[in-house]
Amino acid sequence: MTSRVTTGSPSAFPGAQAPPGTARVLAALDAVRDPELDEPITALGFVSSCTVSPDGDAQIRLRLPTYFCAPNFAFLMVADAYDAVSAMPGVRRTEVVLEDHFASDAINGGVAARAGFARSFDGEAVGELHELRADFLRKAIMAGTDQVCRPLLDAGTDPARLLELTLGEVAPSRALERLRERRAELGLPAGEDAPLVVEPVTGERVNADAAPLHLRRARTTRISLESNGSICRGMLRHRYHRSGLGEEEQ
């Protein structure tokens, strides 16, 4: 079963946008992340194929490291991929297919019907995945905090000074940009005046008493995400023996 919905044909309307090429579709899929690993599905090698017809019919095929990857994580990735591609100008129809997974039929059919996770797994799921997504965003914020703070501490920044810093006082970097993005997604302060080190639930500045434990948790979370990412890449290579589209070499 596949995710297929018609959204209007470019050829049916004079002056309509031309269909995007594969490179543009892959760029859109860069925004789709494995919720647990906080990495793009492209970089992880999860995109098996990507085609767009002259009429604007896009087909994306996804794969995962194991047959039994958690269905809730898989559903989020398939649904996010569908949303990212179907929103592109020039795309008439989007089809996203998750391959070689024990819940492929339920996931592909549910995304095609825009049914949501609970209806797709009727009788098995107790609700939607909004809180799960928020939980993983909080972990990404903790990992991102270590990615930004660790170089500052290694360079001699006093921990007390670290707690006083705002995002605007930290030198620009990809890690800082990513931290801002994740905080903004969760509705936490992400502007120039926002504290660098905050609680990922409340967005409040971390105080001196809580800072040692908070920073240890941030480092542990970062190491865990990076280790799990390496394990997933290794399992995927062992399973398929070929790179995915847009996959980053490690």
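Predicted model: local features only at pLDDT ≥ 70, side-chain atom pairs only at ≥ 80, totals over all residues.

User: Okay, so where does Arg 114 fall, buried, exposed or partly exposed?

Analyst: Arg 114 has 41% relative accessibility, so it counts as partly exposed. You can find Arg 114 in the loop between α4 and α5 (116–120).

User: What about its backbone, what is phi of Arg 114 near?

Analyst: Phi of Arg 114 is near 55 degrees, which is a positive value in a residue other than glycine. Asp 100 has a positive phi too, near 55 degrees, and is likewise not a glycine. Asp 100 sits in the loop between β6 (93–98) and α4 (104–112). With a relative accessibility of 41%, Asp 100 counts as partly exposed.

User: Let's zoom out. How many helices and strands does the protein have?

Analyst: There are 9 helices and 6 strands. The C-alpha trace spans about 60 × 45 × 35 Å along its principal axes.

User: And how much of the protein is buried?

Analyst: Of its 250 residues, 47% count as buried. The accessible surface comes to about 12,200 Å², and carbon and sulfur atoms account for 53% of that.

User: Which residues make the nonpolar surface patch?

Analyst: Tyr 67, Phe 68 and Phe 102 make a patch of about 350 Å². Phe 68 lies in the loop between β5 (57–62) and α3 (71–86).

User: Why does Phe 68 count as exposed?

Analyst: Because its relative accessibility is 63%, and the cut-off for exposed is over 50%.

User: New topic: how many disulfides are there?

Analyst: The structure holds 0 disulfides. It does have cysteines, though: Cys 50 counts as buried because its relative accessibility is 7%, and Cys 149 counts as buried at 1%.

User: Last one. What does the side chain of Arg 180 make a polar contact with?

Analyst: With the side chain of Glu 192, at 2.6 Å. Arg 180 itself is in helix α8 (residues 174–185).

User: And which residues does Arg 180 touch?

Analyst: Leaving out residues up to four places away in sequence, Arg 180 touches Leu 167, Gly 168, Ala 190, Gly 191 and Glu 192. Across the whole protein, among contacts with a separation of 6 or more, 68% are between residues 24 or more positions apart.

Methods: Residues numbered from 1 in each chain as written. Heavy atoms only, no water. Patch = residues over 30% accessible without salt bridge, like charges linked within 9 Å, V, L, I, M, F, W, Y side chains within 5 Å. Areas by Shrake-Rupley, 256 points an atom, 1.4 Å probe, with all protein chains shown as cover. Salt bridge = Lys/Arg side-chain N within 4 Å of Asp/Glu carboxyl O. Helix = DSSP H or I, 4+ residues; strand = E, 2+ residues; numbered from the N terminus. Buried < 20%, exposed > 50% of the residue type's maximum accessible area, 1.4 Å probe, protein only. Disulfide = S-S within 2.5 Å. Contact = heavy atoms within 4.5 Å. Polar contact = N/O pair within 3.5 Å; in protein donor to acceptor, adjacent residues only side chain to side chain.
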